[in-house]
Amino acid sequence: MLRPIFPEDWRELFASIADKRVVRMLASAPWPYTVEDARSFCDQPRRADEMLFAITLPGEDGAPLIGTIGLAPAEPETAHELGYWIAPSHQRRGYGSEAVGAVLATARALGVSEATAGHFVDNPVSGKVLQKWGFQRESKLAQTASAGRGGQTVPTQRYRLTIA
């Protein structure tokens, strides 16, 4: 289930994301990930044209937060950038794929015409999820700085999808 992220979610968010295996696959999350990082993320105001959701499992211990997913305008591009993560204890169960499908359906309903996404080359499972939903691989690898890897530049496979 997808729902908005609330300021009081910081504890669950911290418990799910403060794992080096998660953070090292993200571009903007720092390592070590701190309580202050989680609070800041949950308190951050969102733009009207940005979607950000908590991924939860209703009915299982009060709907625990197992990840997040978002789609936001990518500057200076006209496309929106998709990003998501799933806690290690819930990976490889289809939750990421299901969340991507739901966000793309929402984007389509809101008139978003194009999405971009990427994954570090050492995280090929994310590429399989993107390809499942029709994202097309771009031929040239990009280089992306990863805060979770101390700012190191990481080879990144980029994708694009026409939504409408």
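This is a predicted model: local features need pLDDT of at least 70, side-chain atom pairs count only at pLDDT 80 or more; totals for chains, interfaces and linings use all residues.

The charged end of Arg46 sits over the ring of Phe41, at 4.8 Å from the ring centre. I also noted Arg39, which lies over the face of Trp10, 4.1 Å from the centre of that ring. When I turned to pairs of aromatic rings, the count came to 0.

Next I looked up the nonpolar cores. The largest has 24 residues, and those with the most contacts inside it are Ile69, Leu71, Leu82, Val100, Phe135 and Ile163. Among the elements that give two or more residues to this core I listed strand S3 (65-73), strand S4 (80-86), helix H4 (95-109), strand S5 (114-120) and strand S8 (152-162), and H4 gives the most, with 5 residues. A second, separate core has 16 residues, including Ile5, Val22, Ala29 and Cys42.

Which strands pair with S5, and in what sense? S4 and S5 run parallel and are joined by 2 bridges, with His80 standing opposite Ala115 in S5. Between these two strands the chain passes through H4, and this β-α-β crossover is right-handed. S5 and S8 pair in the antiparallel sense over 7 bridges, and the bridge partner of Gly118 in S8 is Arg158.

Finally, I checked burial along S5: 5 of its 7 residues are buried, so this strand is largely enclosed by the rest of the structure.

Technical notes. Residues are numbered from 1 along each chain as its sequence is written. Side-chain values use heavy atoms; hydrogens and water are left out. A nonpolar core is a set of buried Ala, Val, Leu, Ile, Met, Phe, Trp, Tyr and Cys residues joined through side-chain atoms within 4.5 Å. Buried means under 20% relative accessible area, exposed over 50%, partly exposed in between (1.4 Å probe, protein chains only). Helices (H or I, at least four residues) and strands (E, at least two) are DSSP runs, numbered from the N terminus. Rings of Phe, Tyr and Trp (its six-membered ring) pair if their centres lie within 6.5 Å; planes under 30 degrees apart count as stacked, over 60 as edge-to-face and the rest as tilted. A charge sits over a ring if NZ of Lys or CZ of Arg is within 6 Å of the ring centre and within 35 degrees of the ring normal. Two strands pair if DSSP finds at least two bridges between them. A crossover is right-handed if, with the strands pointing away from the viewer, the path from the first strand over the helix to the second runs clockwise.
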